[in-house]
Amino acid sequence: MAIQLYRIDDRLIHGQVVVGWGQPLNIRFLVLVDDMVAGSDWEKDLYRMAVPPEMEIIFNDVQTAIREHARYASDPRPGLLLTGDIESMYRLVKGVKAIGSVNLGGIHHRAGRSEKLRYIFLTPAEENELREIEAAGVEVTAQDVPSSRAVPLPEVLQGAAR
Amino acid sequence: MSEMNEGGPAQPRAIVVGHGEFAGGLVSAVGQICGMADKLVVLSMMGMTPEGIEEMIREQVARTGVQVIFTDLPAGSATTAARRIVKDDPRLVLVSGVNLATLLDFVFNNAVPPTEAARTAAERGKASLIVVGR
């Protein structure tokens, strides 16, 4: 089954991930890729308690995720890989070279970011990272929940779908 | 509709926060049933960053002095934020998975401190889930 969804979401594990995508995709393992979380037992406990018992959760920093990706990709169970920021996914895409698509699930307002979609706000540097991800042959779309339309990256960057 | 306390509005005893309009809807139902909606502070986290949610809850805890936070979903961003706040302030209690029966029991229980009332209410809320039929 391999990894069904590669998602960037600054809320990491939350309702849309566990229930919104987790249920329809029958997700059985989550790979949370975040350097800070991977280095903190308290943060890992925090997110572990948010995951239902039928889902395994694996915590990796980006380097470990690159090294272990082939194993996740060949896992017979459906999985979901999650990063909290564009930069981590950018490093993963560059390191793995086997990721076909990336889902922008939630990147919310902060200083320096401008609104592209209701749930996507980007700095110019983040826009460039996303362009580079797509230039590497990875399809990038924005879609918060399965029932909404997958908005292609060019449309996201234009802000046309706001 | 509001419970009055010595001529003024009731002091809030808890924060309710969740997805979409969940908190507002639940507290509205409390108000309709028993008129004690003003014992609860409603927060919505729509469109907010994790840091924004945490900051909003922290501000409301500081402003109101409440010691109880109710959230909707154990996996939700509000629960994650509230767990960080409770870690920093051991006087606080978090109840995740709140339902109407929980809130009703909580607002009526003035005999004990709010943190204790929250624990009792959580048990009442669990017991309120029933399945009828085959």
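Chain B puts 13 residues in contact with 16 residues of chain A, contact meaning C-beta atoms, placed from the backbone, within 7 Å. On the chain B side, helix α3 (residues 77-88) gives the most, with four residues; helices here are DSSP runs of H or I with at least four residues, and strands are E runs of at least two, numbered from the N terminus. The model is predicted, so local features need pLDDT of at least 70 and side-chain atom pairs pLDDT 80 or more, while totals for chains, interfaces and linings use all residues. Residues count from 1 along each chain as its sequence is written, with chains lettered from A and ligands numbered from 1 in the order in which they are written.

Chain A comes to seven helices and nine strands. Its C-alpha trace spans about 40 × 30 × 30 Å along the principal axes. Of its 162 residues, 41% are buried, that is, they have 20 or more other C-beta atoms within 10 Å of their own, against 12 or fewer for exposed and partly exposed in between, with C-beta atoms placed from the backbone.

Back in chain B, helix α2 covers residues 50-64. Its buried residues are B:P50, B:I53, B:E54, B:I57 and B:V61. They sit on the same side of α2(B), because they cover an arc of only 95 degrees around the axis, taken from the directions from the helix axis to the C-beta atoms. The cover over these buried residues includes β3 (14-18), β4 (40-44), β5 (68-71) and α3 of chain B. Turned away from that buried side are the exposed B:E59, B:A62 and B:R63. After α2(B) comes B:G65, with a positive phi near 75 degrees.

Notes
Two residues are in contact if their C-beta atoms, placed from the backbone, lie within 7 Å. The expected span of a helix is 1.5 Å times one less than its number of residues.
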